[in-house]
Amino acid sequence: MADVKFTASDLGKTIFVYCEFNGVSFKSCDMRGINFDGQVFVDVKFDNADLANSSFSGVILRNVSFRPTFALTNKYYKSIKTIDFDGASMDKLTYAALKGVGVSLENIVLL
């Protein structure tokens, strides 16, 4: 998937298999519980997306942002901490942004 923009979409029951996301934007999307295991994300934005209980296990993340549209809220902090990044590979900037909001990043490989 390249240069696709999703806005305020309910993607909670969507199944992504063998996808590479390049330049994709998921703005204000409901993506709770989605399994992205083993996929590739390059220049992807998850701006104000609800990713509670999603899995990014074993993914590759390069220049990916997970940020709320407005102020950081307790709801956002609680939600982003439920995302599973076990075994993911990511660049230092993505790592620093996630670590800064308190995401557990054990078993991560830095690119």
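Biologist: Where does Asp47 lie?

Modeller: In this predicted model, Asp47 sits in the loop that joins β4 (40–42) to β5 (60–62).

Biologist: Why is Asp47 called buried?

Modeller: The relative accessible area of Asp47 is 19%. Buried means under 20%, so Asp47, at 19%, is buried.

Biologist: What is Asp47 in contact with, leaving aside its neighbours within four places in sequence?

Modeller: Contact means heavy atoms within 4.5 Å. With those neighbours left aside, the contacts of Asp47 are Phe26, Lys27, Ser28, Ser65 and Arg67.

Biologist: Ser28 is on that list. Is Ser28 buried, exposed or partly exposed, and why?

Modeller: Ser28 has 30% relative accessibility, so it counts as partly exposed. The class in between runs from the 20% limit for buried to the 50% limit for exposed, and 30% falls there. Ser28 belongs to the loop between β3 (25–27) and β4.

Biologist: What makes the phi of Ser28 worth a remark?

Modeller: Most residues other than glycine have a negative phi. Ser28 is not a glycine, yet its phi is positive, at about 55 degrees. Asn53 is another case: it is not a glycine either, and its phi is about 60 degrees, again positive.

Biologist: Where is Asn53, and why is it called exposed?

Modeller: Asn53 is in the loop between β4 and β5, which also holds Asp47. The relative accessible area of Asn53 is 56%. Exposed means over 50%, so Asn53 is exposed.

Biologist: Now the strands. How many helices and strands does the chain have, and in what pattern?

Modeller: There are two helices and seven strands. Along the sequence they follow β-β-β-β-β-α-β-α-β.

Biologist: Which strands form the open sheet?

Modeller: Five strands form it, in the order β2-β4-β5-β6-β7, with parallel pairing.

Biologist: What makes β2 and β7 edge strands?

Modeller: β2 (20–22) and β7 (109–110) each have a single partner strand, so one side of each has no neighbour in the sheet.

Biologist: Why is Met90 called buried?

Modeller: Its relative accessibility is 0%. That is under 20%, so Met90 is buried. Leaving aside neighbours within four places in sequence, Met90 is in contact with Leu61, Phe85, Tyr95, Leu98, Leu105, Ile108, Val109, Leu110 and Leu111.

Biologist: Ile108 is one of those contacts. Where is Ile108, and why is it called buried?

Modeller: Ile108 lies in the loop between α2 (92–100) and β7. Its relative accessible area is 17%, which is under 20%, so Ile108 is buried.

Biologist: What does Ile108 touch, not counting residues up to four places away in sequence?

Modeller: Ile108 touches Phe85, Ala88, Met90 and Tyr95 on that count. Between Ile108 and Ala88 there are 5.2 Å in space, C-alpha to C-alpha, and the two are 20 residues apart in sequence.

Biologist: Is Val101 buried or exposed, and why?

Modeller: Val101 has 14% relative accessibility. The limit is under 20%, so Val101 counts as buried. Val101 is placed in the loop between α2 and β7. Not counting residues up to four places away in sequence, it touches Tyr76, Tyr77, Ile80 and Lys81.

Biologist: And the whole chain: how do you know that its radius of gyration agrees with that of a compact globule?

Modeller: For 111 residues, a compact globule would have a radius of gyration near 13 Å. The chain has 13 Å, so the two agree. Its C-alpha atoms fill a box of roughly 35 × 30 × 20 Å along the principal axes.

Biologist: What share of the residues counts as buried, and what does the chain expose?

Modeller: Of the 111 residues, 43% count as buried. The chain exposes about 6300 Å², and carbon and sulfur atoms supply 51% of that area.

Methods: Residues numbered from 1 in each chain as written. Predicted model: local features only at pLDDT ≥ 70, side-chain atom pairs only at ≥ 80, totals over all residues. Heavy atoms only, no water. Helix = DSSP H or I, 4+ residues; strand = E, 2+ residues; numbered from the N terminus. Rg over C-alpha atoms; globule rule 2.2 N^0.38 Å. Buried < 20%, exposed > 50% of the residue type's maximum accessible area, 1.4 Å probe, protein only. Areas by Shrake-Rupley, 256 points an atom, 1.4 Å probe, with all protein chains shown as cover. Pairing = 2+ DSSP bridges.
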